[in-house]
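Subject: Structure for your review

Dear colleague,

Please find the structure below, together with its sequence.

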Amino acid sequence: MPGLQELIDGVLKVDPSAPAIEFEDSWETWGALGARMDAIDAHVQDLTDGPDARVGVLLRTRLPHLAALYALVRGGQCLVTLNPLYPDATLAADIAALDLPLVIGTRADLDRPGIRAAAEAGGTTLLALPE
């Protein structure tokens with residue numbers, strides 16, 4: 001029985017031009033979603049120690065976040081979800097305490113007060129998602 005990684009790859013290859021996800025009144029094709037995932041995966045591979053790395057995602061219900069989630073699952077990383085709705089100080093404390101090599105989020109979330117300082121103090125790299 002194929003694993004989740006193989007299933008994701010299989011779906012992406014069936015028909016790359018087919019619509020996959022509707023977001024903000026526009027359809028993203030499987031091929032475009034796969035390209036987003038590949039770009040995120042390339043950054044994750046460059047910025048972590050491999051497939052077992054714990055990677056934090058400030059997870060929102062937006063297309064770039066879905067691509068990040070799928071890329072991490074497909075790549076075998078350990079997805080650590082962070083709630084961007086938490087107050088700045090709480091979120092910064094979570095990032096500092098989790099000791100993650102990488103945290104992914106929107107530029108707006110990563111630029112919130114205390115987030116960069118918490119990441120720098122723990123040696124965490126921040127990766128901004130494209131909009």
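At what angle do helix α4 and helix α6 pack, and how far apart are their axes? Before the answer, please note that this is a predicted model. Helix α4, residues 88–98, and helix α6, residues 115–122, pack at an angle of about 15°, and their axes lie 8 Å apart. Because angles under 35 degrees count as roughly parallel, α4 and α6 are roughly parallel to each other. Their crossing is right-handed. On the α4 side, the contact is made by D88, L91, A92, I95 and A96; on the α6 side, the residues are I115, A118 and A119.

One of these residues may be followed further. A119, found in helix α6, has a relative accessible area of 1%. The limit for a buried residue is under 20%, so A119 is buried. Not counting residues up to four places away in sequence, A119 touches I95, T124 and L126. By contrast, a distance of 23 Å separates the C-alpha atoms of A119 and R62, which are 57 residues apart along the chain.

I turn next to the strands. Strand β3 comprises residues 54–58, and four of its five residues are buried, so the strand is largely enclosed by the rest of the structure.

- With strand β4 (residues 78–82), β3 pairs in the parallel sense over five bridges. Within this pairing, R54 stands opposite C78 of β4.
- With strand β5 (residues 102–105), β3 pairs in the parallel sense over three bridges. Here V57 has I104 of β5 as its bridge partner.

How are β3 and β4 related to helix α3, and what is the handedness of the unit they make? Together, β3, helix α3 (residues 63–75) and β4 make a β-α-β unit, and this unit is right-handed.

Helix α3 also holds H65, whose relative accessibility is 1%, so that H65 counts as buried. Leaving aside neighbours within four places in sequence, H65 is in contact with L58, L59, R60, T106 and L129.

With kind regards

How values were computed. Residues numbered from 1 in each chain as written. Predicted model: local features only at pLDDT ≥ 70, side-chain atom pairs only at ≥ 80, totals over all residues. Heavy atoms only, no water. Buried < 20%, exposed > 50% of the residue type's maximum accessible area, 1.4 Å probe, protein only. Helix = DSSP H or I, 4+ residues; strand = E, 2+ residues; numbered from the N terminus. Pairing = 2+ DSSP bridges. Right-handed = clockwise from strand over helix to strand, strands pointing away. Axes fitted to C-alpha atoms, helices over the stretch in contact; angles between N-to-C directions. Parallel < 35°, antiparallel > 145°, perpendicular 65-115°, else oblique. Left-handed = near helix turned anticlockwise from the far one by under 90°. Contact = heavy atoms within 4.5 Å.
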